[in-house]
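Here's a quick briefing to read with the structure open beside you. Take it topic by topic and follow along in the viewer.

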Amino acid sequence: MKIDILTIFPNMFNSIFSESIIKRAIEDEKVEINIYDFREYTDDPHKKVDDTPYGGGGGMVLMPQPIFDCIDSIKTKESKIILLTPDGVPYKQKIAYDLSKEKHLILICGHYEGFDERIRTICDMEISIGDYILTGGEIASMVIVDSIVRLIPGVIEEKSHINESFNNKLLDYPTYTKPRSFRGLEVPEVLVSGDHKKIEEYRKEESLKRTKLKRPDLLD
Ligand code: ADE
């Protein structure tokens, strides 16, 4: 998979892609990630990428030209173009699964007060990572990349994400590791019983219990 990210703050991405699982996925050629500074695509002699809104009002608005030109130079028939915006569809694990099967994603990070409405016309999808306003789409695009890359086959063990939260609309069951007793807190007996059928039942029950308690909306 190839992921191209359009931003005017390319340095924000320096650490996230050079650590841990994403770093390994890049090294193993499971994913290629490119950062495009769309300021480099502006026609403006002063490298401007934004201007004041028509009709008045505060703040600066990203102009369409640099983004359109950048997209024109990188998109192919296989590209899926995604705009990060607080009024996009709420991001969910199901969307992460679907996107992890795409060949080429292009993520556009908006900034400042907003972006020219015409930018939406070149996008296949608009995504919001939650009902709050970030200073720009950069952190949102990092969230999307992180959640997608781990789902690409061979990046992490499949069994690590088969039972994780949000699959089957349930939260994950509780897990424990050594020691068996820690500061008076004990590992549930069933997990050390060696009885795999009982362990599976316990995990299903706990998953359901936890979802009912913490996220009843997932069961609706
Ligand atoms: N840009 C600003 N806020 C955002 C959000 N919540 N989701 C996606 N992109 C954004």
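Predicted model: local features only at pLDDT ≥ 70, side-chain atom pairs only at ≥ 80, totals over all residues.

**Strand β1 and its partners**
- Start with strand β1 (residues 2-7), which is mostly covered, with 5 of its 6 residues buried.
- β1 pairs with strand β2 (residues 32-37) in the parallel sense, over 6 bridges, and I3 sits opposite I33 in β2.
- Going from β1 through helix α1 (residues 20-27) to β2 gives you a right-handed β-α-β unit.
- β1 also pairs with strand β6 (residues 104-109), again in the parallel sense, over 5 bridges; here I5 has L107 as its bridge partner.

**The open sheet**
- Another piece to look for is an open sheet of 3 strands, ordered β3-β4-β7, with mixed pairing.
- β3 (50-51) and β7 (114-115) are the edge strands, and each has a single partner strand, so one side of each lacks a neighbour in the sheet.
- Strand β4 (residues 61-62) and β7 run parallel, joined by 2 bridges, with V61 partnered by G114.

**A nonpolar surface patch**
- On the surface, F9, M12, Y132, L134, I139 and V143 form a nonpolar patch, and together they have about 480 Å² of accessible area.
- One of them, I139, belongs to helix α4 (residues 138-149) and counts as partly exposed at 42% relative accessibility.

**Salt bridges**
- The whole structure has 14 salt bridges.
- In helix α6 (residues 196-214), E200 and K204 are 4 residues apart, so about one helical turn separates them; their side chains meet in a salt bridge at 3.7 Å, N to O.
- As for cover, E200 is partly exposed at 49% relative accessible area, while K204 is exposed at 57%.
- E206 and K209 are also in helix α6, 3 residues apart, which again makes about one helical turn, and their salt bridge comes in at 3.0 Å, N to O.
- Within that pair, E206 counts as buried at 17% relative accessibility, whereas K209 counts as exposed at 51%.

Key: Residues numbered from 1 in each chain as written. Heavy atoms only, no water. Buried < 20%, exposed > 50% of the residue type's maximum accessible area, 1.4 Å probe, protein only. Pairing = 2+ DSSP bridges. Right-handed = clockwise from strand over helix to strand, strands pointing away. Patch = residues over 30% accessible without salt bridge, like charges linked within 9 Å, V, L, I, M, F, W, Y side chains within 5 Å. Areas by Shrake-Rupley, 256 points an atom, 1.4 Å probe, with all protein chains shown as cover. Salt bridge = Lys/Arg side-chain N within 4 Å of Asp/Glu carboxyl O.
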